[in-house]
Amino acid sequence: MFRDALLSWYDAHRRDLPWRARDGEIVDPYRVWLSEIMLQQTTVQAVKAYFLKFIGRWPTVQDLAAAPQEDVLREWAGLGYYARARNLHRCAQVISAERGGIFPADVEELKKLPGIGAYTAAAITAIAFDKPATVVDANVERVVSRLFAVPEELPFIKPRLRVLADLFSADRVDRPGDFAQGMMDLGATICTPKSPRCIFCPVRAMCRAFAAGNPESYPRKAPKKEKPQKYGYFYWITDGAGRILLERRPESGMLGGMPGLPTSAWEEKITNKNKFWRESGCLTVDWDCLSQNAHTIRHSFTHFDLTLEGCQGNARNPEKIPEDRYFWVDKDSILSAGLPTLFLKAVKIIRK
Ligand code: SF4
């Protein structure tokens, strides 16, 4: 009964998303995989333009595999969580070189690929191959917690919500791909975090939270811990010819592999000890620290908040950069250098 109600509702109200196959089209696992990687930690609205850009430039997994990593990171810039982009590229190379461009239709095989965890493997299995798999994202967690009025708090109840979601997703489910997408769409459009529109919900007759009149109080959540703060400096170094110094960040670590302005270490206490660029030994830089309040940027990462203060300098010997890591860009083209959001904030504040 639940499944029939959900599937009928999905047939009439499914979201029109660029990665979804329309009626009569064959589902392309490459599009499903690409969208699911992009959607990790990111909203549907933010992903749409990136998805279309990637599909336009690299229409097949082989095209993506053949692209230079630098180009993939540049197109990804602004979407955040950059390890995803590097794993995306590696995964495309594995699929292309070792699997003839064919994605495996099996959760366990998918989980062996770079960047594909349990959730993404289940989503690809269900959506791309229409095979039963328990797909539990934040939308589904919310729907299930309300359907069963689960009293315990997130994140501790995640395993229990998964078991409950499994009740719907066992092998007997018809149309597993549509069922998974129906649950996601229900959570995204009807069973929303605030003000769920229960009156339009196809499964309200089976919902305990609706019956109790308090759907918004689910899922219950443990109080959030305060985020740690980190501090440091960013360096705006010019060469006297209108160019700005950028670095290619190390592969491991935050914003790995992305271009960025050089920065000091990011530390838990504000300190002056790193005020000047740690590699300035190879360059002679005339420093002119920017006034603190006018050129301070703040950025929130998943696990900490970062405050960086700007320091400006002019290099007397710009040819002395270690070229394996640093490079100069013309200041007029810095906005198209593929900088992540943190550094775009720095560029904008300096140029104000
Ligand atoms: Fe969510 Fe309301 Fe539907 Fe229950 S009835 S699943 S709370 S939208």
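## Legends to the close-up views

**Figure 1. The loop that holds Pro219.** Pro219 is situated in the loop that runs between helix H12 (208-212) and strand S2 (220-221). The view, like those that follow, is drawn from a predicted model. Tyr218 and Pro219 are joined by a cis peptide bond, with an omega of about -5°. Most residues other than glycine have a negative phi, and most peptide bonds are trans.

Figure 2. Omega is near 0° for the bond from Leu154 to Pro155, which is cis. Where does Pro155 lie? Its place is the loop between strand S1 (153-154) and helix H10 (158-169).

**Figure 3. The surroundings of the ligand.** The residues that surround the ligand are Arg146, Ile190, Cys191, Cys198, Cys201, Arg204, Cys207, Phe210 and Pro215. How many residues of this shell are nonpolar, polar and charged? Seven are nonpolar, none is polar and two are charged. A disulfide is a covalent bond between the sulfur atoms of two cysteines. A search for disulfides across the whole structure finds zero.

Figure 4. Helix H8 comprises the 12 residues 118-129. At 1.5 Å a residue, a helix of this number of residues should span 16 Å, and the end C-alpha atoms of H8 are 16 Å apart, so the two values agree. Is H8 mostly covered or mostly uncovered? H8 is mostly covered, since nine of its 12 residues are buried. These buried residues are Thr120, Ala121, Ala122, Ala123, Ile124, Thr125, Ala126, Ile127 and Ala128. They pack against three helices: H2 (29-39), H7 (107-111) and H11 (176-189). After H8 comes Asp130, which has a positive phi, near 55°.

**Figure 5. Helix H5 and its packing partners.** In helix H5 (residues 69-76), the buried residues are Asp71, Val72, Leu73, Glu75 and Trp76. An α-helix has 3.6 residues a turn, so residues three or four places apart point the same way. The buried residues of H5 pack against helices H2, H3 (44-57), H4 and H6 (83-98), and also against strand S4 (243-248). Just after H5, the phi of Gly78 is positive, about 100°.

**Figure 6. Tyr81 in the loop between H5 and H6.** The loop from H5 to H6 contains Tyr81. Although Tyr81 is not a glycine, its phi is positive, at about 50°. The relative accessible area of Tyr81 is 38%, which lies between 20% and 50%, so this residue is described as partly exposed.

**Figure 7. Leu255 in the loop between S4 and S5.** Leu255 is found in the loop between S4 and strand S5 (259-260). Its phi is near 55°, a positive value in a residue other than glycine. Is Leu255 buried or exposed? With 9% relative accessibility, Leu255 counts as buried.

**Figure 8. Ala241 and Lys331.** Ala241 belongs to the loop between strand S3 (229-238) and S4. With a relative accessible area of 58%, which is over 50%, Ala241 is therefore exposed. How many residues apart along the chain are Ala241 and Lys331? They are 90 residues apart along the chain, and their C-alpha atoms are separated by 9.5 Å.

**Figure 9. The chain as a setting for the close-up views.** The secondary structure of the chain comprises 13 helices and nine strands. The C-alpha trace spans about 75 × 50 × 30 Å along its principal axes. Of the 352 residues in the chain, 48% are buried. Among the contacts with a separation of 6 or more, 67% are between residues 24 or more positions apart. The mean pLDDT of the chain is 92, and 95% of the residues score at least 70. Which elements have the lowest and the highest mean pLDDT? The lowest value, 81, is that of strand S6 (residues 285-289), and the highest, 98, is that of helix H4 (residues 61-66).

Note on methods. Residues are numbered from 1 along each chain as its sequence is written. This is a predicted model: local features need pLDDT of at least 70, side-chain atom pairs count only at pLDDT 80 or more; totals for chains, interfaces and linings use all residues. Side-chain values use heavy atoms; hydrogens and water are left out. Helices (H or I, at least four residues) and strands (E, at least two) are DSSP runs, numbered from the N terminus. The expected span of a helix is 1.5 Å times one less than its number of residues. Buried means under 20% relative accessible area, exposed over 50%, partly exposed in between (1.4 Å probe, protein chains only). Contact means heavy atoms within 4.5 Å. A residue is near a molecule or strand if one of its heavy atoms lies within 4 Å of it. Ala, Val, Leu, Ile, Met, Phe, Trp, Tyr, Cys and Pro count as nonpolar, Asp, Glu, Lys and Arg as charged, and the others, Gly among them, as polar. pLDDT is the predictor's confidence in each residue, from 0 to 100. A disulfide is a pair of cysteine sulfur atoms within 2.5 Å.
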